[in-house]
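Here is my note on the pockets. Please keep the 3D view open as you read.

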Amino acid sequence: MRGATGVALGLAALLRGLPLLERHLGLELQEAYPRNAVIALLHHDWQPFALVHGAVLFDVLRAIYTLWCWCGMLVGAYDVRLDVLAAFVRDPFPFVVVGRVVVLVASLAGVWTVTWIAARLGPSRAGPMAALFLATSFIHVRESVHVWPDGLAATAAVITVVFALRFLESGSDRRAAELGVSAGAALACKHALFFLGLPVILALWCGGVLSPAARGRRCLVAGVAALVCYLALAPHTLLHWADALFQTRTQSLGLFGSYEGAGPRLALPFGQLMRLTLGAGPLLLAGLGMVASVWRAPLPALVVASFPLAYLVFLAAAFAPFARYFALLSPFVAVFAAIGVASVAGRFASARRPLVAGALVFAACLAPARQSWQHV
């Protein structure tokens, strides 16, 4: 199992690492986060340029560029902070590469994390298969080389689900606090992750045989931990509440086409968007795997499935969803697709199961892998 997971991680690193040093600047706002983090460094503040998108990616880049500036001053490359901005204006590419590395590391962590969830919901052999599905997922590969928070948010979502499953196993106050911290950090990554409230609440309410008072106490512990963590990572949402609310409202109006003059719907049909971003084969197997996992372990399966199902309904109602929005679904599609393969292969004799599983994974991953390679 370790060897198979290592192969999947190696493939994921290859697809995501090859374009790391490609100078495709200007594509998909590659410079937006690095540029604004450098400007914040110059202004001696930590306010994100777009409160609606979350703050974690901006915070990480701002911290790295601060260390970059201090090291440059120590070696004599910079005299003042303004020199960092001048370096960015001359050549923004090194700053963009730093952003790509941050997103790449977070994405590889997500590939590793899905192995744990798949092995928890299904047989142990589902873990490496989930890693392989996510390693070749086109939209996950695409967002892993894009300096934007969607790839980071996808990993934050599955990490929060891991803590929700761990709470189901023990149900202690410490686990509730850990779950709250992970949920608050995920929300600070991207505000669309507020749907993670479903698996968090399910886990807190159903984990362990407790009295209503004990359940309420653990919900309170998790809620306070989530709020403290979110405000620590994204304090400017509260400090500039009116601006954050205005940006969120404007984004929502554009997403749902609910303002005058929105024009014709320019997005692809929803089914086509799902097929192009997540792959027809993985989606089909994921549907089968979701049914099989509910049959095998109903409560853990519902905890894992609640977020992607709610988020999918949200996207289906959108007027013009971006393709990158589907990156948040890719880890969950990978998990349930792996369980779907394991459930089909499990109906064959033990000697044939590896062959059947390998054939299904190869057939389902072929088109997304080719699409990912063409993009790279």
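1. α13 gives the most to the lining of the largest pocket: eight residues. Keep in mind that this model is predicted.

2. How much space lies in the largest pocket? About 750 Å³. The pocket is lined by 32 residues, and the closest to its centre are L187, K190, H191, A192 and F194. Find these five in the view to locate the centre.

3. Which elements give two or more residues to this lining? They are α9 (173–189), α10 (197–206), α11 (212–233), α12 (236–239), α13 (241–256) and α16 (298–316). Trace them in the view one by one.

4. Now look at the classes. In the lining of the largest pocket, 21 residues are nonpolar, nine are polar and two are charged.

5. Move to the second largest pocket. About 260 Å³ of space lies there. It has 15 lining residues, and A292, S293, I339, A342 and S343 are the closest to its centre.

6. Which helix gives the most to the lining of the second largest pocket? α15 does, with six residues. Both α15 (280–296) and α17 (330–345) supply at least two residues each.

7. The classes in the lining of the second largest pocket are nine nonpolar, three polar and three charged residues.

8. Rolling a probe the size of a water molecule over the atoms shows where empty space is left.

Methods: Residues numbered from 1 in each chain as written. Predicted model: local features only at pLDDT ≥ 70, side-chain atom pairs only at ≥ 80, totals over all residues. Heavy atoms only, no water. 1 Å grid on protein atoms, 1.4 Å probe; cavity = no way out; pocket = protein on both sides within 12 Å on 5 of 7 lines; lining within 4 Å. Points joined across faces, edges and corners; volume = space filled by probe spheres on them. Helix = DSSP H or I, 4+ residues; strand = E, 2+ residues; numbered from the N terminus. Nonpolar A, V, L, I, M, F, W, Y, C, P; charged D, E, K, R; others polar.
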